[in-house]
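Please look at the model first, and then read the points below beside it.

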Amino acid sequence: MSKAKFENPIRAYWRVLFDERVRTYVVVTAAALLVIFVAQLMSGSLIAGAVPMAIGLTALGLRWVGMPVVCVAATAYFQAMPFGIPIGGSIPNDPRTTHFRIQDLMLATAVVVYLIAQYRVYSLAHLAVPDERLPRYRRGDDKPDLRDPDLITEQEVPQLVMMAAAVVVVGQLLWFALSEIVLDFHQMPPIRARQPGLFARDRDALNPQASRWLLFVLAFGLLVFFARLVFWYWRLRTLNRVEAQMVLADTGWAEMRREAARQETWRAWGKYRARRRLPRPKPKPREPRKPWVGAALMRSGVINVIAVVIAITMVGFGVWLFDSRRR
Amino acid sequence: MLTSRGWWTVAVAMVLVLLGLTGLGDIAPAIPILGLTLVAWFAVEWLVFSYRFRNALPRLEIEREILQGGRPVASAWAKAPCTVRVTLTNRGASRWPLVFLRDRVPEGRKVRSGSNRLVTDLKPDEPVEMEYELRSSAAGLFRFEGVDVRLIDLAGLFYRRVFVRSPLDVLVLPPLTDQEGKQRADKRMNTLPPPGLHRLRRAGGGGELLDLREYIPGDPPKRIAWKASARRDKLITKVFESDVPVRVMLFLDSSESVRIGPAGDTPVGKLAETASGIAQAAAASRDLVGLTRFDETASDVLTPARTQVHTIRLLGKLAEAAAKLPNPGPRDLLELQDVAYPLAQEMYPELLNHEVNSRPWVLYWLPLLDTRWGWLFVLPVFVWFPYLAFVGYLFVNGIAARPAFQTFNFVVRLTQALRPRFPADVGLNLFAALATFFLIVFWPAALFGFGWFFTGIRGLLNPRKVRMKKRKQLATIFVALDRDSPGRIEHYLRDDESYAERMGRFLADHHVRIPPKLYDHLGQYRYRCEAKATVLANAIIGSVARARDNELYVILADLVDLGDDLAPILKAVRVARSRHHHVMVVIPWPDDVPPPGADTKADGEKKEVRLDKPLSHRQPGKFIHLALTRGYQQRYEKLRTELARLGAGVVRVTLDDPVRAVLDRIDRLRGMRSRR
């Protein structure tokens, strides 16, 4: 059986990118990057649009798999500081009169679409499933597990865009809710709507930043907790026989571990003792040892021990002498 | 389970959200909006993935078919392509958009054509198929464990791996001989008794004349030899030879010594193939064939018969013998664990999950008294009360005041010497007083605490921690598989022997071969299996006791290494020969050992290593190999001489010595009395 010809990984990646079945995702990724560029450009800075786009293009073209999240981080950074590092200047403030702005919607949609499309391109052309093998068992010519382009359906891209739009709306609503609800521990329940007006200050309420921070953490924690609870219970309901046996055995072990450990330690010790008492097979006669080797080792050991004791005593005496002179 | 891609994405999204919700959100609201949108997207993907996974996982069904010659079969034939068709069906309600399937091929086998891997999407009630071809060169067993399923979302953020187990053992029967292979040997005699009948020089109902004798009243008149009666003037009766079927009894060695070798290329596989050829050829001639399998402990007998069903059963028994794995013997615990743990990771991924297989940190903490020197730390605690009483006595009587003050003074000076700038204030004096008090009164507890901590903490460091983790996980899996009590887990954690034995059984159950250690710590060959000589001798004598007429005993066994332990077999062969049975011995010959008398010097080899020359330091490997080869050949010659002295022939099974030649020898051993 002849060995498959090894293909350069970058070349193989590009071959898949030019596959007509994958091309849709490539175009969507590039389009999303373009929209990000335009949305960033609307803040009045070329660099704010160019840097994320350049990072995104390297991610797409050079297969730098860590770059998509860097692209997102760069986009966010240039939202806060559109002109890069604010040397000698101040961070521009962007006061809003509304929570819904078309520029934000556009940017968020483009970023989500970009991430989804870029990751799907990686699944098709670079690696779909993480390699569980230890690095020492991997070989350079191993073929990565990729998604077959034949599995791409026609509904995938429209579904992708629809999902992106939906999550953008959810994101906007969440931001609206977090901005307009404040925590007030002087009342029950301890939440209420924020007072209208841009500069209105809610007396007795937590400040808005801390309030929305706490609200998000609480809401997110509750969501994750309940979701985990549901899936945990579902998992318990669908355990197979061996898994259920494992749960019982493991719980039983945790309860009786100390007693069992004591018994088993003594039992193992008894076995060990019993085996030691068995008659041993006669060992083969060995050559007589040279007596001077042991003697030399013994003498050198004794000399070393004496030397160490003397050294410790002298150091102690020196410390004592130094101390007494100082005083 | 999040992939690294998923971890990075959620980390960036959370950072954006948490930064954006602080004052940064007031300056640039797009940041929290972006972060919240990404978190929402991530949460949706997670919920969808988890729902799909949980919904369909318990409803996956596997169907496996083994096809040979286009038909589904329960057992396969060796040396013939065998198609494996695996069908996976999702009976759940949700669709898995991207699944990587891999059918685990039997250990040591390779896929000849097709593929045991498939990348697909699993839609509800729409089965997917994998088809590939296997081929086995020898009899044995195909052990199919199940299908490895890796599920991932399209963006590659979440990933799950499960192993859908559906174990199936398929016997690989020895190859069927073709019409040519069934021919016993060249035709040598022109007497043609009916198939399955052979002449026996005893009075019977055969067609060949054996003798003439005087008529005895009651003899059938048709047997009266009229011409002879006329010549002698008295009635003479013809006595015919007996026509009897020949029974061939095969004795197959399935002891540890013949199980060593790579899968599909073991000595027992070769012996089984030879036995199969003999059995099929004998059955084609309508001879009765029986089988006795033996190892170092027991033997089982399949009585001779000639039906087709019997032949198939016999081939099945041969395949079972060929599929046996060697006992790797007392192996190092870590060696076994290094093989067993990856196997468990591959086949029981869900059972290694910490939710069902917990690993509390106290598991790793090493108890102080489990060490040999732990008692040194505990002993002062036992003498604590007498010590306290002694110290109290000293203080009460004013004897200890001076030493206590000196100790206090020493602590103060030591502190100052170590840190010269330390101000000699009230705090220092208080510290010194407390330290002195604790040193005098509580030093056994301090010593015990020191020993307890530094002994225990060692268990939390690698590699000890990793080993203990693996051991606990495997122990719990063993208990769950055996439906054992939870206390057994602790037993496996404490008892190395039981744990190693269970690991060996776990590997054997899944037909994983561990390279055996051929020599023990004294340098003796571990697989001589001298006990099998007695078992084989008993089996031969049992067959002689059950025999009716002259039978043929074919012993397929590795007897070369037995040496002086061969005596019971020689005795049994002598008994068989004294009852006029024929005996033949077939020996599995190692591939790397040239036959005795052959030129050992290879064509490309320039220098010949000679045993009678002094050992060169540059050729120890060749020298040892040659010594072992010569030794093996000499033992074989000795065995052949001893058996030949009793009238039993010895044949080697080698690659160029097919069944046909063996059958030829068997026919010659029959004394040319058969029909060919």
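Across the interface of chain B and chain A there are 19 residue pairs in polar contact, both residues being at pLDDT 80 or more; a polar contact is a pair of N or O atoms within 3.5 Å, where within protein one must be able to donate a hydrogen and the other to accept it, and where residues adjacent in sequence count only if both atoms are side-chain atoms. The model is predicted, so local features need pLDDT of at least 70 and side-chain atom pairs pLDDT 80 or more, while totals for chains, interfaces and linings use all residues, and side-chain values use heavy atoms, with hydrogens and water left out. Residues are numbered from 1 along each chain as its sequence is written, and chains are lettered from A and ligands numbered from 1 in the order in which they are written.

**The interface of chain B and chain A**

- On the side of chain B that touches chain A, helix α2 (residues 30–56) gives the most, with 19 residues; helices and strands are DSSP runs (H or I, at least four residues, for helices; E, at least two, for strands), numbered from the N terminus.
- In contact, meaning heavy atoms within 4.5 Å, are 89 residues of chain B and 84 residues of chain A.
- The two chains bury about 7800 Å² between them, 67% of it on carbon and sulfur atoms, where buried area is the accessible area (1.4 Å probe) that two parts lose on being put together, summed over both.
- In chain B, the residues that lose the most area to chain A are B:Leu21, B:Arg54 and B:Leu154, together 9% of what that side buries.

**Salt bridges between the chains**

- Nine salt bridges cross the interface of chain B and chain A, each being a side-chain nitrogen of Lys or Arg within 4 Å of a carboxyl oxygen of Asp or Glu.
- B:Glu497 pairs with A:Lys271 at 3.4 Å, N to O, and both belong to a network of salt bridges that also links A:Glu264, A:Arg267, A:Arg275 and B:Asp495.

**Salt bridges within chain B**

- B:Arg85 and B:Glu131 form a salt bridge at 2.8 Å, N to O; because B:Arg85 lies in strand β4 (residues 82–90) and B:Glu131 in strand β8 (residues 128–134), the pair ties together parts that are 46 residues apart in sequence.
- B:Glu490 and B:Arg494 form another at 3.2 Å, N to O, and both lie in helix α14 (residues 487–494), four residues apart, about one turn of the helix.
- B:Glu490 is buried at 2% relative accessible area and B:Arg494 partly exposed at 26%, where buried means under 20%, exposed over 50% and partly exposed in between (1.4 Å probe, protein chains only).
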